[in-house]
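Thanks for coming, everyone. I have one structure to walk through today.

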Amino acid sequence: MRFIPALVLAGAALLSWAGVASAQEVVESLRGNNPITATSRTDNMFRPEKDQDLIPRNFQKQPPLIPHSIKGYNITQNFNKCMDCHSKERAEETGATKVAKSHYLDREDKKLTNISPRRYFCLQCHVPQFDAKPLVENTYKPAAKKGE
Amino acid sequence: MMSLQKFMPAWVKRVGLFTVVALFLAGVIFWGGFNWALEATNKEEFCISCHEMKDNVFKEYQNTIHYTNRTGVRATCPDCHVPKEWGPKMIRKIQASNEVWHKLLGSVDTPEKFNAKRHELAQHEWDRMKKNDSQECRNCHRYDYMDYTEQGNRAAKMHPKAFEEGKTCIDCHKGIAHQLPQIDQHIGKQNEGALEISHGDKTEAKVEEKK
């Protein structure tokens, strides 16, 4: 047990050295050291996943994930491409998931005839899927549903 | 010359061989020149030589699949906006003289003016495409050549259904190369009362034909 203080000392020395080293480390941007005029590397680009069936929710009231590519689908002041299929007027014909009733409520829970403008930017909650694998393991489990 | 004259028809003898050859050459030059002018006004550089096109619709088109894609095949302005067949091409070219007139008037010479007219301009193209069954799309995208198994789930489901209903490309594929005008989509007060986009009337005549 006599060499524990020595270990602690060695550890502290290592840590402080690491601290100095990290302080001197240059922060690298996603472009690396590429000059702004050069084309940046493209080897680590993620690709959107292929169209798939509905992705089950992970917890209650989760905004459903987008199970298809949304390449070229724009939301502009003039036109919301998502609502071209998902609006209640269009969903039956296109077979898309209908926009939820909650999207017709204003912040006082008053029902509106039109979709609430605060829901205009779909991608704020609904996200498309890419082939990016999780960086760390995820052990998330949803809380049990009522009555479970 | 005497020997040649035996083979010449009477009318050639009357006007003279030189005149006939000269007229023939003039015809070649005029027809070639006409075609050259037609081709010269059928190029992307010509279209974007007007800032109205370059700063509005051309910029929007640069972000779309018809300009930038993995295979490097590009559809330029005339591929979609000028018919390939001679007759319709002539008609379109004559109509285009109206566009030259409006260029001189400066009808859409600012982005604000362009956006104010966007709905009208878009409607003209939609009507033209609807009328010729989206001929300019089908010059490349033939639907009887489509392999549905290679298409995404949604495309493979919708395409046969739409064709069965007698729809044409432009009925669904609006705003794929340029930004859309204001469309009323029943979201808040946003664009309320604006144009309602049409997804193609279920043309009853065509449906009945199939029955």
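One caution before anything else. This is a predicted model. Please keep that in mind throughout.

Chain A, then. Reading along the sequence, the pattern is α-α-α. Chain A has 148 residues, and 8% of them are buried. Now the contacts within chain A. Take those between residues at least 6 apart in sequence. Of these, 41% join residues at least 24 apart.

Next, the place where the chains meet. How many residues of chain A are in contact with chain B? The count is 16 residues of chain A, against 18 residues of chain B. On the chain A side, the classes are five nonpolar, nine polar and two charged residues.

Now the nonpolar core. As a general point, nonpolar side chains in soluble globular proteins tend to be buried together. Which residues make up the largest nonpolar core here? There are six: Cys82(A), Met83(A), Val99(A), Ile115(A), Cys122(A) and Ile187(B). Look at Met83(A) in that set. Setting aside neighbours within four places in sequence, Met83(A) is in contact with Gln185(B) and Ile187(B).

Is Cys122(A) buried or exposed? Buried, because 20 other C-beta atoms lie within 10 Å, and 20 or more is the cut-off for buried. Not counting residues up to four places away in sequence, Cys122(A) touches Ile75(A) and Cys82(A). Lys81(A) is 41 residues from Cys122(A) in sequence, and their C-alpha atoms are 9.9 Å apart.

Gln124(A) also belongs to the segment after H3 of chain A. Gln124(A) is exposed, with 10 other C-beta atoms within 10 Å. From Gln124(A) to Lys81(A), the separation is 43 residues in sequence and 15 Å in space, C-alpha to C-alpha.

One more stop in chain A: Asp109(A). Asp109(A) has a positive phi of about 65 degrees, and it is not a glycine. In general, most residues other than glycine have a negative phi. Where is Asp109(A)? In the segment after helix H3, residues 91-94, of chain A. With 7 C-beta neighbours inside 10 Å, Asp109(A) counts as exposed.

Over to chain B, and its helices. Helix H3 of chain B covers residues 17-40. Its 24 residues should span 34 Å at 1.5 Å a residue, and the end C-alpha atoms are 34 Å apart, so the two agree. How many residues of H3(B) are buried? The number is zero, so H3(B) lies largely in the open.

Helix H5 of chain B, residues 51-61, does have buried residues: Glu52(B), Met53(B), Asn56(B), Val57(B) and Tyr61(B). They sit on the same side of H5(B), because they cover an arc of only 120 degrees around the axis. An α-helix has 3.6 residues a turn, so residues three or four places apart point the same way. Turned away from the buried side of H5(B) is a face with the exposed residues His51(B) and Lys54(B). What covers the buried residues of H5(B)? The cover includes helices H4 (44-47), H7 (86-105) and H8 (111-131) of chain B.

That brings us to H8(B). Its 21 residues reach 29 Å from first C-alpha to last, close to the 30 Å expected at 1.5 Å a residue. H8(B) also has a kink of about 55 degrees, centred on Lys117(B). Its buried residues are Arg118(B), Ala122(B) and Met129(B). Their cover includes helix H11 (169-172) of chain B.

Last stop: Asp133(B), in the loop between H8 and helix H9 (135-138) of chain B. Asp133(B) is not a glycine, yet its phi is positive, about 55 degrees. With 13 C-beta neighbours inside 10 Å, Asp133(B) counts as partly exposed.

That's the tour.

Notes:
Residues are numbered from 1 along each chain as its sequence is written. Chains are lettered from A and ligands numbered from 1 in the order in which they are written. This is a predicted model: local features need pLDDT of at least 70, side-chain atom pairs count only at pLDDT 80 or more; totals for chains, interfaces and linings use all residues. A residue is buried if 20 or more other C-beta atoms lie within 10 Å of its own, exposed if 12 or fewer, and partly exposed in between; C-beta atoms are placed from the backbone. Helices (H or I, at least four residues) and strands (E, at least two) are DSSP runs, numbered from the N terminus. The arc is that of the directions from the helix axis to the C-beta atoms. Two residues are in contact if their C-beta atoms, placed from the backbone, lie within 7 Å. Ala, Val, Leu, Ile, Met, Phe, Trp, Tyr, Cys and Pro count as nonpolar, Asp, Glu, Lys and Arg as charged, and the others, Gly among them, as polar. The expected span of a helix is 1.5 Å times one less than its number of residues. The bend at a residue is the angle between axes fitted to the seven residues ending there and the seven starting there. A nonpolar core is a set of buried Ala, Val, Leu, Ile, Met, Phe, Trp, Tyr and Cys residues joined through C-beta atoms within 7 Å.
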